[in-house]
Amino acid sequence: VIRRENTVIAILLTEGIKAYEKIRNTITIEDFKYEKNKEILKKLYCELEKGNSNINSVLDTLTNEEELTHITKIMADDYNIQDIQKAIIDLINIYEKEKMINRRNTILSNLDNSNLPQEERASLEKELSQVIIKLAKFK
């Protein structure tokens with residue numbers, strides 16, 4: 001998970017606004033698990049949202065020494081990305097699939113509740129079917 005998050009950050013730093021426009025609606029700050037990466041992504045998104053794609057000025061917003069050290073480690077790592085567009089699509093798909101799995105599990109938990117009104121149960125079952133179909137397309 002951390003390597004995946006680091007890859008997202010590395011792509012944003014190297015590709016800037018082009019990558020941001022593709023991933024911003026799918027990969028959110030809340031999707032990140034590692035707190036340092038969340039803070040860095042939040043700052044990156046904020047700068048890229050303003051249209052600021054100059055890496056140096058984006059890095060200037062990182063004032064915390066820990067964040068700068070972490071960014072340096074991320075940028076020094078080799079992610080073996082041959083095709084940046086494919087890498088972005090793959091990352092988006094991974095995050096979308098993870099969200100679908102989480103939603104499926106939530107629906108199943110809710111359906112276990114025997115006190116659910118019939119209308120709500122039917123709605124959840126319909127949504128569950130749609131989620132399962134979407135998940136099948138990821139494989």
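How many helices and strands does the secondary structure of the protein chain come to? I looked this up before anything else. I count 7 helices and 0 strands. I keep in mind that this is a predicted model.

**Order of elements.** The elements run α-α-α-α-α-α-α.

**Overall dimensions.** I checked the radius of gyration next. The protein chain has 18 Å, while a compact globule of 139 residues would have a value near 14 Å. I then took the spans of the C-alpha trace along its principal axes. They come to about 55 × 30 × 25 Å.

Residues 24 or more positions apart account for 70% of them. For burial, I note that 34% of the 139 residues are buried.

**Surface and charge.** The accessible surface of the protein chain comes to about 8600 Å². Carbon and sulfur atoms hold 50% of that surface. I also looked up the charges. The chain carries 22 positive and 24 negative charges, and their mean positions are 5 Å apart.

Where is the place of Asn52? I find Asn52 in the loop between helix 3 (35-49) and helix 4 (55-60). Which residues does Asn52 touch, not counting those up to four places away in sequence? My list reads Ile17, Glu47, Ser57 and Val58. With Glu47 I also note a polar contact, side chain to side chain, at 2.8 Å.

How values were computed: Residues numbered from 1 in each chain as written. Predicted model: local features only at pLDDT ≥ 70, side-chain atom pairs only at ≥ 80, totals over all residues. Heavy atoms only, no water. Helix = DSSP H or I, 4+ residues; strand = E, 2+ residues; numbered from the N terminus. Polar contact = N/O pair within 3.5 Å; in protein donor to acceptor, adjacent residues only side chain to side chain. Contact = heavy atoms within 4.5 Å. Rg over C-alpha atoms; globule rule 2.2 N^0.38 Å. Buried < 20%, exposed > 50% of the residue type's maximum accessible area, 1.4 Å probe, protein only. Areas by Shrake-Rupley, 256 points an atom, 1.4 Å probe, with all protein chains shown as cover. Lys, Arg positive; Asp, Glu negative; His and termini not counted. Charge placed at Lys NZ, Arg CZ, Asp CG, Glu CD.
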